[in-house]
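Thanks, everyone. Please bring the model up on your screens and follow along.

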Protein chains: 2
Amino acid sequence: MNNKRAVVLLSGGLDSTTALFFARAQGYKVFALIFDYGQRHRKEIKVAQKIAREIGCVYTVLKINLPWKGSALLDKNISLPQNRNLVKILKNKIPATYVPARNIIFLSFAASYAEAVGAQAIFIGANIRDYSGYPDCRPEFFKAFRQVLAKGIKAGVEGKTIEIKTPLIRKDKSQIIKLGLSLKVPYQMTWSCYRGGETPCGRCDSCILRKKGFDQLGIKDPLLAVIQ
Amino acid sequence: MNNKRAVVLLSGGLDSTTALFFARAQGYKVFALIFDYGQRHRKEIKVAQKIAREIGCVYTVLKINLPWKGSALLDKNISLPQNRNLVKILKNKIPATYVPARNIIFLSFAASYAEAVGAQAIFIGANIRDYSGYPDCRPEFFKAFRQVLAKGIKAGVEGKTIEIKTPLIRKDKSQIIKLGLSLKVPYQMTWSCYRGGETPCGRCDSCILRKKGFDQLGIKDPLLAVIQ
């Protein structure tokens, strides 16, 4: 019996889906954790579930309610940054799409879930080369959170560490896609656009970074091939 | 105008209510954060709201759904420890009432709330002398979490630290009550019993620790005076 278990934070985007396939390839029985947190691109919730079902993994959709706003991802009255050029996106200034403490909240629930199912690891698809400057995607944040798990949860105190795995952390978007293609990630199923319309808008930071990855590999994004 | 703002984690129990009054006495405009997390002693949610209204502070009740169980506080099929003597309670073995990653989750939301309202501090009533052995109440846990806030949230990165304040951390129950009485905490309004019945059960760890505090001061618990 395979006793390796991992919780994977799954948004249905390119990065987290790659992390999901990576965890599975490492021999983990995977428990996907999907958040419904009032994001404007609610479409990703359905996409994430579809992907989880596609590979037959256990998944949970957790609804969390953030009554305070303050992010363009939660509040339609705040404009999404759009048509920013790569230089500007990659300047790593924290953008309007930042959701206060989002990954801290996500990892907290992942830790709780991991304890409950006896998982040894949490996988998250965060990465810092082609990214939008969110502080809770940086290695120093994950390092700090590892200490929280070592000191603050029963498993940690009892020496059964729950590791936080960030296999994509230093990869750029094209390297992530390359890894994913080798793992047979069905990128046509994934969804990155912040707008969550019928088709990707092509203008938000997330669309622009995704395009950069496929362009660098000289491949057409299979999602666009499916849609067009 | 007073610009000092603090989020206070408020359960309606003796410790968190003391922390609330302490924060207020320190000159903070207080934002109380109350969790409805499926606890069996749901009564404390109402109590917490009543206390917040009593002092006229802003409060938010946040419903969080933990679909996984594994704690006597969430699952009525797991027995609450009862009639344990103080020596056994204070041995600090993690009890069945432990909720996986609870304070990590609570602090995560508090951090998000604090960012959203521009608060400089989060107050939590955790303490480790008369306590049940929860790992996420220990100073080393809070120390680790402070690092998470320094590295993982926008305010932290921008140098506007959100502090985690644990004013009760090294006090025993009688010292907490003594402090609270000096701050005019209405202990007759607070609720500690895990069972959440009409009257405190007197047998759960929480009731036993509360009784110890009042006994040491030679005072009758005002809650019992009100009820009887």
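The copies meet through the same surface, because 100% of the interface residues of chain A are also interface residues in chain B. Contact here means C-beta atoms, placed from the backbone, within 7 Å. This is a predicted model: local features need pLDDT of at least 70, side-chain atom pairs count only at pLDDT 80 or more, and totals for chains, interfaces and linings use all residues. Residues are numbered from 1 along each chain as its sequence is written, and chains are lettered from A and ligands numbered from 1 in the order in which they are written.

Five strands form an open sheet, order 3-2-1-4-5, with parallel pairing. Strands are DSSP E runs of at least two residues, helices H or I runs of at least four, numbered from the N terminus. Pairing takes at least two DSSP bridges. The edges are strand 3 (58–63) and strand 5 (163–165) of chain A. Three bridges join strand 4 (residues 121–123) of chain A to strand 5 of chain A. There, A:Ile122 stands opposite A:Ile164.

Last, helix 7 (residues 173–182) of chain B. Its buried residues are B:Lys173, B:Ile176, B:Ile177 and B:Gly180; buried means 20 or more other C-beta atoms, placed from the backbone, within 10 Å of a residue's own. They pack against helix 1 (14–25) and helix 8 (205–217) of chain B.

Methods: Contact = placed C-beta atoms within 7 Å. Buried ≥ 20, exposed ≤ 12 C-beta atoms within 10 Å, placed from the backbone.
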